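Welcome! Take a moment to look over the protein chain shown here, and then let us walk through it together.

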Amino acid sequence: MTEEPRDIQMSELTELANELERVDTEIAEAEIQLSNLKQNRKTIAEEHLPQLMEQAGIDSLKLASGRKIEVKEFVDAKIKDPNTAFQWLRETNNDSIIKNEISVSLGRGDDALAQEIISTLKDKHDIEANVRVGIHNMTLKSFCRDALDNPELAETLPKDAFGIYQGKRAKVN
């Protein structure tokens, strides 16, 4: 809904729009700078200091300031090829670390079916199932927006329980 502008200072509006764009740019630049700083830190911590200390033949050093530099081995891992990784774990009898998680998406109003499935898993297979009940973020936002527009629902809607935050937000394109 676009209305005719009332008596406002266009210069103030323009100034605020420019400020919003400036802040957005600063945020983007700060995120890039943070990413670069993290990469720089990683290079120093995982390459430069360990190499220099290895050349000196030491793995720890106490500085005159009382601080201590230590080089320790570490391992990070992230499965990139699950088929190969899990097959290898199974073949080498190390598959006990593999976690199987079964997820079933049920429709709205299927609470009774969910309970029946959980009971069946417990009774027939002695499997404890976890139920995670939730509402998709966009569905929740849409519902809350509609509920607030409905006087009957809006009156009793527990806004704190739904974490409702209302406001107006400007966007500059």
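## Contacts along the chain

Two residues are in contact when they have heavy atoms within 4.5 Å of each other. Keep in mind that this is a predicted model. In the protein chain, take the contacts between residues at least 6 apart in sequence: 16% of these join residues at least 24 apart.

## Helices and strands

What does the secondary structure of the protein chain come to? The count is six helices and two strands.

## Overall shape

The protein chain is more spread out than a compact globule, because its radius of gyration is 28 Å, well over the 16 Å that the globule rule gives for 173 residues. Its C-alpha trace spans about 75 × 65 × 35 Å along the principal axes.

## A look at helix H3

Helix H3 covers residues 111–125, which makes 15 residues. At 1.5 Å a residue, H3 should span 21 Å, and its end C-alpha atoms are 21 Å apart, so the two values agree. Just after H3 comes Asp 126, with a positive phi of about 50°.

## Surface and charges

How much of the protein chain is buried? Of its 173 residues, 6% are buried, where buried means under 20% relative accessible area. The accessible surface is about 16700 Å², and carbon and sulfur atoms account for 51% of that surface.

The protein chain carries 23 positive and 33 negative charges.

Key: Residues are numbered from 1 along each chain as its sequence is written. This is a predicted model: local features need pLDDT of at least 70, side-chain atom pairs count only at pLDDT 80 or more; totals for chains, interfaces and linings use all residues. Side-chain values use heavy atoms; hydrogens and water are left out. Helices (H or I, at least four residues) and strands (E, at least two) are DSSP runs, numbered from the N terminus. The radius of gyration is taken over C-alpha atoms; the globule rule is 2.2 Å times the number of residues to the power 0.38. Buried means under 20% relative accessible area, exposed over 50%, partly exposed in between (1.4 Å probe, protein chains only). Accessible areas come from the Shrake-Rupley method with a 1.4 Å probe; for residues, only the protein chains shown count as cover. Lys and Arg count as positive and Asp and Glu as negative; His and the chain ends are not counted. The place of a charge is taken as NZ of Lys, CZ of Arg, CG of Asp or CD of Glu. The expected span of a helix is 1.5 Å times one less than its number of residues.
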